[in-house]
Each structure stands twice: as structure tokens, then as C-alpha cells.
Amino acid sequence: MKKLKVATVWLDGCSGCHMSLLDMDAAVISLASKIELVYGPLVDAQDFPEGVDVTLVEGAVSSQDDLNKIQKIRQRTAILVSMGDCAVTGNVPAMRNGIPVQRLLQRVYVEGAIEGKGVPTDGVPALLKQARPVREFVKVDLCLPGCPPPAKTISGVIAAVLDGRKPDTNLTVKFG
Amino acid sequence: MSQKKISIRIDGALVDAREGQTILQAAREGGKTIPTLCDLDGITPVGGCRICMVEVEGIDRALPACTSPVQEGMSVKTTTPRLTQHRRLTVELLLVERNHICAVCVSNGHCELQTMATNLGVSTVRLAYNFPKLETDLSHPKYVLDHNRCILCTRCVRVCAELEGAHVWNLFSRGINTRLTADLNGKWGDSKGCTGCGKCVQACPTGALSEKGRAVEEMVKQNERISALAQRRGAEA
């Protein structure tokens with residue numbers, strides 16, 4: 001049987017959703033033989049591959065790099081899932097949205113720094129004006145709110161796709 | 001009770017009601033559930049949140065159950081695809097209007113807006129988030145007002161005016177700029193009228209009003225105490 005190509009992506013989030021993904025315990029063993037993890041913080045691949053079946057996106061779209069990534073990912077993914085509140089609502093990363101970017105960077109990296117004061121520019125992507133949910137940039141096929149969403153909810157989505165079912169959009173979900 | 005007894009149908013079932021009751025009151029007494037947000041048993045209903053909208057046979061538009069009086073022979077539907085769509089959109093509008101960051105809210109897990117979203121199966125919104133820049137009023141020695149989490153249900157306004165008799169809270173400005181305000185647009189801590197009783201905090205359905213020192217998930221509201229107090233007052237009167 002052809003393995004399901006699954007990717008995970010970590011945009012502006014805390015990695016808690018990836019922790020929840022790993023928290024599926026023994027279920028990961030039965031999934032492991034049926035899926036191939038082709039991209040994400042858990043694997044080495046440098047470039048997002050073509051023809052991915054399911055991509056789980058953690059985090060809000062917050063920088064120019066996030067935006068470039070998510071557009072490419074959308075083109076190369078059949079089912080795009082917003083995993084967790086940051087991807088679905090903006091959540092904590094969006095709490096900066098009322099503050100102008102320059103003011104924010106000044107406060108954190110200059111006023112807030114004890115040494116090495118200065119806004120970093122090398123090797124870091126430029127921040128967008130606001131951190132916003134994935135859905136506001138590209139089409140999202142399924143939203144799993146929660147901070148983080150329960151492991152069972154995440155594994156349930158993968159299991160549904162494996163069974164050839166459409167992931168249940170009437171799942172019991174909870175923000176926060 | 002000398003009020004005239006009347007019969008209405010709710011979702012097809014016959015329910016006994018009394019003249020002067022609202023559809024919501026009759027439904028509750030008849031064991032039917034109609035979802036609500038701005039309603040709180042014991043204070044005057046205002047029909048503000050539009051979550052309790054129901055369909056009444058012979059009337060084209062949906063009516064708020066909390067403020068619509070029962071009439072003899074009325075047939076009410078509480079759950080239809082159209083009403084569910086209305087309710088979902090209402091919750092989505094509330095979620096995008098201000099900054100409801102459940103993950104870091106004192107009321108996470110105990111919030112009526114959050115629960116309503118879950119119950120209605122709202123897993124995302126179809127509109128762009130507003131992300132307004134809003135203030136937090138920390139001037140009161142015991143309590144906090146966070147405008148980011150306020151849904152303008154006015155439960156605090158009503159409970160303060162009707163049960164505490166202080167009428168500290170008001171709504172200020174109009175439309176999307178509407179804000180809850182203490183006295184004549186002052187700081188809560190400067191209010192001469194506030195008795196510090198905390199009824200507004202207990203009545204608040206979200207984390208907009210909370211006790212100082214509460215961390216994430218720690219603010220559990222006891223609005224049943226508001227209803228119990230109102231009932232005792234009613235019995236005394």
C-alpha cells in the first residue's frame with residue numbers, strides 16, 4: 001500500500017501543537033507503518049516536497065518567510081489543516097498586533113536587552129505588520145482549534161484520511 | 001399565581017406557560033433549552049446578543065426568545081438550520097470583534113462564549129479578525145476590566161443597577177466603538193458609586209471582568225448566586 005505523505009509545519013507558534021502530535025503515544029506505532037513523514041521540524045528535509053497528502057500547520061503567519069512557506073505548501077498539499085489556535089485564530093502571536101512592528105522590536109531588542117542591544121537583521125525574516133491566522137492567506141481545509149488540540153483529535157484526522165474518509169468537520173473542538 | 005394559563009408549542013411539544021412570560025422563561029420551565037449569552041436569570045432581559053433567536057410560526061423573521069412574550073397557540077422552533085447558521089455567525093462576529101485569546105484568559109474553560117462556540121461547532125471564523133488595540137482597566141483595588149474580552153452583553157450594567165442599586169456601569173459610544181465604562185467614562189477605581197460588591201464580576205460571562213490575582217483558567221464565575229439573590233429579593237418584595 002502506498003504510504004500517506006504527511007508533512008508538519010511550524011510557523012509562529014510555541015511547538016506545543018507538535019508536542020501534542022507526539023503525545024499520541026502508542027497510536028504513533030500503528031500510524032508509522034501507514035504514513036511517511038516527508039517534511040517538518042521532526043525530519044531533515046530542507047525543501048517542502050511536491051504531492052503531499054496532508055499538511056498540519058502549527059502557528060500564525062507572522063513573517064515574510066511564513067507567508068512564502070505557506071503559499072508554497074498550499075500549492076503542494078491536498079489537505080491543509082490548521083492545527084491549533086495560533087494557526088486558526090492568531091492566538092498569542094497576534095497579541096502583538098496592536099503594536100507597530102518597529103516599536104515592538106525596539107522595545108524587545110533594545111530597551112528590553114541587557115547586552116547586545118540592537119534589532120537583529122541578519123538571518124531572520126522580516127516581520128509582517130501583524131500575525132494573522134493561516135486561513136486569511138491560503139485556503140484551509142480543516143481547522144483544529146485548541147491550545148494545543150488534543151493528540152486524539154490530531155491522530156483522528158490522519159486516521160480518517162487513511163481510511164479514505166473526509167475528516168469530520170463536526171468534531172468537538174474547543175478554543176484555548 | 002393569578003396569571004392566565006396559556007399553551008404554546010415548542011419544537012412540536014405542548015408546553016404550559018403563563019401570560020406575561022417570555023418564550024425563554026416558558027421554554028425553561030418546560031424543560032427546553034434555548035442557548036443564551038446576554039441573558040441572566042434574575043435581571044431584566046435585553047435581547048442584546050441574538051443567540052436565543054427562535055422561529056415563530058407565521059412570522060418571517062426570527063425573534064429573540066428572551067424578550068418575546070408568549071401568546072396563546074404560539075408555535076416556536078428553537079433549532080433549525082437557519083437558526084444554527086444565525087447563532088454560529090453571531091458567535092463568529094463576537095470572536096473577531098475583539099481579542100479573545102482563550103489560551104491566556106483567566107476564564108479559559110469557564111467562559112460562556114468559549115462554551116457557546118464549542119456547542120455550536122464553531123471551529124473557525126469566516127471573517128477577518130479585527131485585532132483592535134484595547135485597554136485594560138486595573139485601577140480598582142479588587143477587580144480588573146479587560147476590554148479585549150468584553151462582548152457588551154451588559155449583564156454587569158444590569159446587575160449593578162438592578163440588584164446592587166449602584167449603576168456604576170454604562171455603555172459609552174456607538175457601534176464597534178462601544179465600550180463599557182464606569183460612571184461618566186472614568187476609571188473603575190475612581191468610581192464613587194462602586195461598592196466593590198463584585199456582582200458584575202460574577203455576572204460576566206467571559207473574562208472581561210475578573211478578580212485581581214487570578215491566573216489563566218482560575219476565574220470561575222458564580223452567576224447562579226446572582227440568580228439566587230434576585231429570587232430572594234423577589235420573594236421579599
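**Figure 1. The largest nonpolar core of the predicted model, which has 63 residues.** In this predicted model, the residues with the most contacts inside the largest nonpolar core are B:Cys156 and B:Cys200. The core draws on both parts of chain B, taking at least three residues from domain 1 (5–79) and at least three from domain 2 (85–236). Nonpolar side chains tend to be buried together in soluble globular proteins.

**Figure 2. The surroundings of B:Cys156.** Leaving aside residues up to four places away in sequence, B:Cys156 touches B:Trp169, B:Leu180, B:Cys200, B:Ala203, B:Cys204 and B:Leu209.

**Figure 3. A second, separate core, made up of 34 residues.** Among the residues of this second core are A:Tyr39, A:Leu56, A:Leu80 and A:Val134.

**Figure 4. The two domains of chain B and the contact between them.** Chain B is divided into domain 1, which covers residues 5–79, and domain 2, which covers residues 85–236. The centres of the two domains of chain B, taken over C-alpha atoms, are separated by 24 Å. Where the domains meet, 15 residues of domain 1 of chain B are in contact with 23 residues of domain 2 of chain B. On the domain 1 side of this contact within chain B, the residues divide into ten nonpolar, three polar and two charged.

**Figure 5. The contact between chain A and chain B.** Across the two chains, 24 residues of chain A are in contact with 16 residues of chain B. On the side of chain A that touches chain B, the elements that give two or more residues are α4 (85–89) and β6 (127–132) of chain A. The largest share of that side comes from α4(A), which supplies three residues. By residue class, the side of chain A that touches chain B divides into ten nonpolar, nine polar and five charged residues. For the complex, the predictor gives an ipTM of 0.93 together with a pTM of 0.95.

**Figure 6. The fold of chain A.** Chain A has six helices and seven strands, and along the sequence these elements follow the pattern β-α-α-β-β-β-α-β-α-α-β-β-α. Because its radius of gyration of 17 Å is close to the 16 Å that the globule rule gives for 176 residues, chain A is as compact as a globular protein of that length. Along the principal axes, the C-alpha atoms of chain A fill a box of roughly 55 × 35 × 30 Å. Of the 176 residues in chain A, buried residues make up 38%. Among contacts in chain A between residues at least 6 apart in sequence, 83% join residues that are at least 24 apart.

**Figure 7. The fold of chain B.** Six helices and ten strands are found in chain B. A compact globule of 237 residues would have a radius of gyration near 18 Å, and the 19 Å of chain B agrees with this. The C-alpha trace of chain B spans about 50 × 50 × 30 Å along its principal axes, and 40% of the 237 residues of chain B count as buried. Of the contacts in chain B with a separation of 6 or more, 62% are accounted for by residues 24 or more positions apart. The mean pLDDT of chain B is 96, with 99% of its residues reaching 70 or more.

Technical notes
Residues are numbered from 1 along each chain as its sequence is written. Chains are lettered from A and ligands numbered from 1 in the order in which they are written. This is a predicted model: local features need pLDDT of at least 70, side-chain atom pairs count only at pLDDT 80 or more; totals for chains, interfaces and linings use all residues. Helices (H or I, at least four residues) and strands (E, at least two) are DSSP runs, numbered from the N terminus. The radius of gyration is taken over C-alpha atoms; the globule rule is 2.2 Å times the number of residues to the power 0.38. A residue is buried if 20 or more other C-beta atoms lie within 10 Å of its own, exposed if 12 or fewer, and partly exposed in between; C-beta atoms are placed from the backbone. Two residues are in contact if their C-beta atoms, placed from the backbone, lie within 7 Å. Ala, Val, Leu, Ile, Met, Phe, Trp, Tyr, Cys and Pro count as nonpolar, Asp, Glu, Lys and Arg as charged, and the others, Gly among them, as polar. pLDDT is the predictor's confidence in each residue, from 0 to 100. Domain bounds come from an automatic or database domain assignment. A nonpolar core is a set of buried Ala, Val, Leu, Ile, Met, Phe, Trp, Tyr and Cys residues joined through C-beta atoms within 7 Å.
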